Amino acid sequence: MLIFVIGPIVMTILFSFTDIALTGAAAKDVSFVGFDNFVRMFKDPNFKTSIFNTIIFLVGSALIGQQVVGFLVAFLMKGKAKPFRSAVGLLVLAGWITPEIVVAFVWFAFLSDDGTLNTILGFAGMEPVAWLLNFPMISVIFVNIWHGAAFCMLMYQAALDDIPEEVEEAAKIDGANSWQRLWRITLPMIKGAAVTNMVLVTLQTLGVFGLIFALTGGGPGTKSTTLPLFMYDEAFVNYQLGYGTAISLVLLLMGIVLSLLYIRFLKSED
């Protein structure tokens, strides 16, 4: 833990206050620059764009998309026959267990200018659409939902199976309709699992890199550049490791703050 976890974290924090680089004089003689990297960061319009894109990607993909799709699939499978649940679960899990880079290339083939989707649109007499060029953020959000919704499904499925059947039966006898049972019984009883799921999916989504990098490269321009891609560009394309590590600390801080907010919400509701 000290060598492979704590050590790199400490080094990252230290590097963020230096001008360390992969090439040039700073690669040989590292200097302490204080908060210069952070001042530069908050003056950089590309950083502001990446923050905005990260929030859009996080909300659309993790907080709404994966949660809603995962819950709906789990809820619709509740009480169904085991063979049906197994078949649907297998289909959904196929997207989750597929490596991220493979998912990106599959969807690139589907969404590219001469890809499968535009071929289908052509058969229907519609003009092809440059999805990855004109709608890059919507495209990567949709693909990440497809890739990650299975994890949410598993979490919600386990939580729904733990709800005692007699509680729902009692609600039915008392005259509660389906919507009332969902809103007043099901959702409150799986709240803990939902918050845990939200934390895990949020942290995973904040670190998504390969999917966006392979699909759009952060483009066109910076329209789909999130913090991980911006950090990569500065650290390993522009060779500014100090600046790149400073950006990584912002990403880490976002994950910590969001996780604490979720946990605080859960405790306050309890």
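Predicted model: local features only at pLDDT ≥ 70, side-chain atom pairs only at ≥ 80, totals over all residues.
Reader: Why is the contact of Arg-40 with Glu-234 called a salt bridge?

Author: A salt bridge is a side-chain nitrogen of Lys or Arg within 4 Å of a carboxyl oxygen of Asp or Glu. The closest N and O atoms of Arg-40 and Glu-234 are 3.7 Å apart, and the pair is therefore a salt bridge by that rule. Arg-40 belongs to helix H3 (residues 36–43) and Glu-234 to helix H14 (residues 227–237), 194 residues apart; helices are DSSP runs of H or I with at least four residues, numbered from the N terminus.

Reader: What makes Glu-234 buried and Arg-40 partly exposed?

Author: Buried means under 20% relative accessible area, exposed over 50%, and partly exposed in between, with a 1.4 Å probe and protein chains only. Glu-234 has 9% relative accessibility, so it counts as buried. Arg-40 has 38%, so it is partly exposed.

Reader: How many salt bridges does the rule give?

Author: The count comes to 2. In the pair of Asp-161 and Arg-85, the N to O distance is 3.2 Å. Asp-161 lies in helix H9 (residues 136–161) and Arg-85 in helix H5 (residues 82–97), so the pair ties together parts 76 residues apart in sequence. Asp-161 is partly exposed, at 44% relative accessibility.

Reader: How do you know that the span of helix H12 is close to the expected one?

Author: The expected span is 1.5 Å times one less than the number of residues. Helix H12 (residues 191–206) has 16 residues and reaches 22 Å from its first C-alpha to its last, close to the 22 Å expected. Its buried residues include Ala-194, Val-195 and Leu-206.

Reader: What makes a space a pocket, and what lines the largest pocket?

Author: On a 1 Å grid over the protein atoms alone, a pocket is an open set of points with protein on both sides within 12 Å along at least five of seven lines, where a 1.4 Å probe fits; lining residues have an atom within 4 Å of a point. The largest pocket has a volume of about 400 Å³, the volume being the space filled by probe spheres set on the points, which are joined across faces, edges and corners. Among its 14 lining residues, Tyr-156, Leu-187, Ala-194, Val-195 and Met-198 lie nearest its centre. H12 supplies the largest share, 4 residues.

Reader: Why is Thr-18 called buried?

Author: Thr-18 has 11% relative accessibility, which is under 20%, so it counts as buried. Thr-18 lies in the loop between helix H1 (2–15) and helix H2 (25–28).

Conventions
Residues numbered from 1 in each chain as written. Heavy atoms only, no water. Helix = DSSP H or I, 4+ residues; strand = E, 2+ residues; numbered from the N terminus.
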